[in-house]
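My notebook for this one is open. I went through it piece by piece and jotted down what I looked up.

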Amino acid sequence: MQPTNDIMNPIQLQQQTRRHFFRDCGVGVGKIALASLLAEGLIPSSATAAETPSPFAPRATHFPATAKRVIFLFMAGAPSQLDLFDYKPKLAELEGKPIPPSVIQGQRYAFIQPDAAVLGPRFSFSKHGKCGAEIADVMPHLAQVVDELAIVRSVHTDLFNHSPAQLFVNTGSGVPGRPGMGSWLSYGLGSEANDLPSFVVLKSGGSLSGGAAMWSSGFLPSVHQGVPFRSQGDPILHVANPAGYDARAQRESLDLIRSLNEQQFNSVGDPEIETRINAYEMAYRMQSRAPEMMEFSQEGQETLDLYGAQPGEPKAVFANNCLLARRLVERGVRFVQIYHAGWDHHSNVEGGVRGQCAKTDQACAALIVDLKRRGMLDDTLVVWGGEFGRTPMVEASAALGRSMGRDHHPQAFTMWFAGGGIKPGIAYGRTDELGFHAQENPVHVHDVQATILRCLGLDHSRLTFRSQGLNFRLTGVEEHEPVHALLS
């Protein structure tokens, strides 16, 4: 059948659209837009999609890198730094008394009044290791590896509600739509693996306030988006072939789909078509690789016991994820984000923290031990922390059924770092005697992000992507710097 005058093929439509653009959009605007497109490389050349370099091809760094990969242990809900890492005897002395008004200075809180009574530390603290760092007794395993850690007690953030604060740590913005840190690293560095994603997400402990926006690729090409792996069963849904569909049929189908996608790319030049091509090919390669990742039997009982891992056991998901993270980075994955929810203790902070430490402490320490004995800790950066801290004041509400809890506290909280060019066995930053404000060497969340990028050889101010006429970066537009005192 011959096409009618009312129907145009894609090439005719593309030509018509261009003629319309240059004829009707104004001479000045048209020239400016054309120059912008040429500068950003958005007009397709005569090259086909098959000839386009892989978006995961390794890229040069700005500086010599001390880390090749990152495992970020994100404790969603905000752990209480005052009950784990930042021991304050003054809080025990003042427990039950209102916090001094001079300390509060009009601060806002989510669920308590600023003049709420002081709540002392819920656990005993002891000094550990050669560095003498003080750690709460509910983290006995981490205490054994404290000489490998750099503990930063003076981190602060701009946001005090969970969803925007979680987004802020993970994407650099409290508003959804920005790329996750792993997406930035995938975009900036490429990948060392060709059969696994460059950015993998592992989850445990419940729902996340920030949601999937925390591992979105945002305005970056969607090929850099984080890929969630499941902790049991098929690691990725719909990767396995259905019954009766053999490898030959699959390969022939993928080749046909690729050919059609390449024709469309050559016609319209949409970079998302390249993403689609890469996604199909990556899924094909992962069909054999991803299930192998879940075969923990290769690890031996000693390693499983070290982590407390129990394949297929729901109560051991965090431990399984930590072991899986090591297996992923060992095979070239650039960034593994482990989200563990359940740290939001507005009531019974003592019981809540104790329970979460029982689930996470052993596996966090085991990850450090395991990486070190395999010779991987030197070039693997491990980061631990949440979205903000908890208040020195108690939260109690008969109406909400809450007592002996702590509210959100953005002014000061603790994170720790290990490996990947970080100085081991140090404590950095200090809060005041009530643990309220960062008093010495304050570290903003953007400084943390800049430090992570610096370990991977990237200048945070130069890792940018142009979108909607602006050059965006992970660390925002304000002046921030890596924490050089943490770098070895």
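**Ground rules.** Helices (H or I, at least four residues) and strands (E, at least two) are DSSP runs, which I number from the N terminus. I am working with a predicted model, where local features need pLDDT of at least 70, side-chain atom pairs count only at pLDDT 80 or more, and totals for chains, interfaces and linings use all residues. Residues are numbered from 1 along each chain as its sequence is written, and side-chain values use heavy atoms, with hydrogens and water left out.

**Helix H11.** I started with what follows H11: it is Gly332, whose phi is positive, near 105 degrees. Then I checked the length of H11, residues 317–330. The expected span of a helix is 1.5 Å times one less than its number of residues. For the 14 residues of H11 that gives 20 Å, and the end C-alpha atoms are 20 Å apart, so the two agree.

Next I looked at burial (buried is under 20% relative accessible area, exposed over 50%, partly exposed in between, with a 1.4 Å probe and protein chains only). In H11, 13 of the 14 residues are buried, so the helix is largely enclosed by the rest of the structure.

**Whole chain.** I count 13 helices and 17 strands in the protein chain. Buried residues make up 51% of its 488 residues. For contacts I use heavy atoms within 4.5 Å. Among contacts between residues at least 6 apart in sequence, 78% join residues at least 24 apart.

**Cysteines.** I looked for disulfides, meaning pairs of cysteine sulfur atoms within 2.5 Å, and the structure holds zero. Cys322 has 0% relative accessibility and so counts as buried. Cys364 is also buried, at 3%.

**Cores.** A nonpolar core here is a set of buried Ala, Val, Leu, Ile, Met, Phe, Trp, Tyr and Cys residues joined through side-chain atoms within 4.5 Å. Which members of the largest core touch the most other members? They are Leu73 and Trp416, out of 58 residues. Helix H12 (residues 349–373) gives the most to this core, with 10 residues. I also noted a second, separate core of 51 residues, which includes Phe74, Val448, Cys455 and Phe472.

I then listed what Trp416 contacts beyond four places in sequence. Among them are Leu73, Phe85, Leu142, Ile151, Cys364, Ile368 and Trp384.

I say two strands pair if DSSP finds at least two bridges between them. S16 and strand S17 (residues 470–473) pair in the antiparallel sense over four bridges. Arg466 has Asn471 as its bridge partner in S17. Two residues lie between the strands of this hairpin, and Gln468 takes a positive phi near 55 degrees.

Thr464 is in strand S16, residues 464–467. At 26% relative accessibility, Thr464 counts as partly exposed. Setting aside residues up to four places away in sequence, I find Thr464 touching Trp184, Tyr187, Asn471, Phe472 and Arg473.

**Hairpin S2–S3.** Strand S2 (residues 125–128) and strand S3 (residues 133–136) pair in the antiparallel sense over four bridges. Lys127 stands opposite Glu134 in S3. This hairpin has four residues between its strands, and Gly129 in the turn has a positive phi of about 70 degrees.

Most residues other than glycine have a negative phi, which sent me looking for exceptions. Ala78 has a positive phi near 85 degrees. Where does Ala78 sit? The place of Ala78 is in the loop between strand S1 (69–75) and helix H3 (89–94). At 0% relative accessibility, Ala78 counts as buried.

Met404 also has a positive phi, of about 55 degrees, although it is not a glycine. Met404 lies in strand S10, residues 402–409. Is Met404 buried or partly exposed? At 37% relative accessibility, Met404 counts as partly exposed.
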